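Me: I am new to reading protein structures. Can you walk me through one, feature by feature?

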Amino acid sequence: MGGSGFARNISFEQILFDNVQNPIIINQFYEDKVKFRSYGIWHKAAGSIKVSDLTYSDLRGTSASEQAIKLDCDNVVGCSNIVMSNIDITPSGGGGDGGPKIQGWCNNAHGTAFHVKPEVPCLS
């Protein structure tokens with residue numbers, strides 16, 4: 001048993017944040033809260049829902065984690081039509097020379113990005 005359904009037509013706009021652990025995150029690899037017991041071992045059922053048509057715009061702030069933007073989408077279902085624009089995320093500690101760095105990371109996410117810092121490699 002796993003997840004089914006969709007998350008679509010969602011917008012995150014004009015958000016300010018300070019020292020946030022995961023400023024932007026999509027995780028299609030969540031574990032369902034339904035537990036199954038087999039031979040004395042508890043297992044969690046996993047599943048993916050269809051994620052599409054998400055908009056992130058005018059977001060500003062600082063990240064406490066290295067992966068400020070993490071789009072971790074299922075290799076089969078994936079995430080589509082993700083639009084990011086005017087995003088500026090900096091490290092909580094300043095990020096100067098020798099300081100902490102932040103990054104954008106993604107797996108099987110598709111869409112576009114305009115004026116996004118840090119860059120998200122899978123969004124063109």
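Reply: We will go through the sheet, then the core, then a single residue. Keep in mind that this is a predicted model.

Me: Start with the sheet. In what order do its strands lie?

Reply: Two strands pair if at least two bridges are found between them. Here four strands form an open sheet, in the order β1-β5-β7-β9, with parallel pairing. The edges are β1 (6-20) and β9 (109-117), and each pairs on one side only. On average, neighbouring strands are turned by 15° against each other, direction ignored.

Me: How many bridges join β1 to β5?

Reply: Eleven bridges join β1 to β5, which covers residues 50-63. The two strands run parallel.

Me: Now the core. Which residues of the largest nonpolar core touch the most other members?

Reply: That core has 23 residues. Ile24, Ile26, Tyr56, Leu71, Ile82 and Met84 touch the most other members. Elements giving two or more residues are β2 (24-27), β5, β6 (67-72), β7 (79-91) and β9. β7 gives the most, with five residues.

Me: What does Tyr56 touch?

Reply: Leave out residues up to four places away in sequence. Among the contacts of Tyr56 are then Phe12, Ile24, Ile26, Ile82 and Met84.

Me: Last, Gln67. Why is Gln67 called partly exposed?

Reply: Buried means under 20% relative accessible area, and exposed means over 50%. Gln67 has 25%, so Gln67 counts as partly exposed. Gln67 lies in strand β6. Gln67 touches Asn22, Gln103 and Trp105, again not counting residues up to four places away in sequence. Gln67 and Ile102 are 35 residues apart in sequence, yet 5.7 Å apart in space, C-alpha to C-alpha.

Conventions
Residues are numbered from 1 along each chain as its sequence is written. This is a predicted model: local features need pLDDT of at least 70, side-chain atom pairs count only at pLDDT 80 or more; totals for chains, interfaces and linings use all residues. Side-chain values use heavy atoms; hydrogens and water are left out. Axes are lines fitted to C-alpha atoms, for helices over the stretch in contact, and angles run from 0 to 180 degrees between N-to-C directions. A nonpolar core is a set of buried Ala, Val, Leu, Ile, Met, Phe, Trp, Tyr and Cys residues joined through side-chain atoms within 4.5 Å. Buried means under 20% relative accessible area, exposed over 50%, partly exposed in between (1.4 Å probe, protein chains only). Contact means heavy atoms within 4.5 Å.
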